[in-house]
Amino acid sequence: QAQLVESGGGLVQPGGSLRLSCTVSGFSVSAHLMRWYRQAPGKERDPVASITRAGVTSYADSVKGRFTISRDNARNTVYLQMNSLKPEDTAEYYCNNFVLGYWGQGTQVTVSS
């Protein structure tokens, strides 16, 4: 059974950085399109970043140039490096296997002074 476990969220001041991790078991992250989503209170869950099997990355316009998605095949983990964080980045962040439809439990990111 597949399992995705996010970690690395927390409280950070505006302009700060966090690195989220999504540790996967049950399938290889290198063999699947993987995505990070986020959901703020009262809003829909929106895609933030994705990485294809070939390692091609793409980003939502709101995070382009500030966030970086990557993966470590040996650790079977997907990362989201978030820099220059803004209050509007506050949300629950989720890891997703797009094709198989697996989700993690989420990790909370709060950007506030």
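Me: Why is Phe98 called partly exposed?

Reply: In this predicted model, Phe98 has a relative accessible area of 41%; since buried means under 20%, exposed over 50% and partly exposed in between (1.4 Å probe, protein chains only), Phe98 is partly exposed. Phe98 is placed in the loop between β9 (91-97) and β10 (102-103), where strands are DSSP runs of E with at least two residues, numbered from the N terminus. Residues are numbered from 1 along each chain as its sequence is written, and side-chain values use heavy atoms, with hydrogens and water left out. Local features need pLDDT of at least 70 and side-chain atom pairs count only at pLDDT 80 or more, whereas totals for chains, interfaces and linings use all residues.

Me: What makes Asn76 count as buried?

Reply: The relative accessibility of Asn76 is 16%, and Asn76 therefore counts as buried. Asn76 lies in the loop between β7 and β8, and its C-alpha is 9.8 Å from that of Gly26, although the two are 50 residues apart in sequence.

Me: How do you know that β1 and β3 pair, and in which sense?

Reply: Two strands pair if DSSP finds at least two bridges between them, and β1 and strand β3 (residues 18-25) have five bridges, in the antiparallel sense. Ser7 has Ser21 in β3 as its bridge partner.

Me: Why do β1 and β7 stand at the edges of their sheet?

Reply: Four strands form an open sheet in the order β1-β3-β8-β7, with antiparallel pairing. β1 (3-7) and β7 (67-72) each have a single partner strand, so one side of each is left without a neighbour in the sheet.

Me: What makes the set that includes Met34 and Trp36 a nonpolar core?

Reply: A nonpolar core is a set of buried Ala, Val, Leu, Ile, Met, Phe, Trp, Tyr and Cys residues joined through side-chain atoms within 4.5 Å; the largest such set has 27 residues, and those with the most contacts inside it are Met34, Trp36, Phe67, Leu80, Met82 and Tyr93. Among the elements that give two or more residues to this core are β4 (34-39), β5 (46-51) and β8 (77-82), while β3 gives the most, with four residues.

Me: How do you know that β11 is paired with both β2 and β9?

Reply: Strand β2 (residues 10-12) and β11 share three bridges in the parallel sense, and three bridges also join β9 to β11, here antiparallel. Val109 in β11 stands opposite Gly10 and opposite Ala91.
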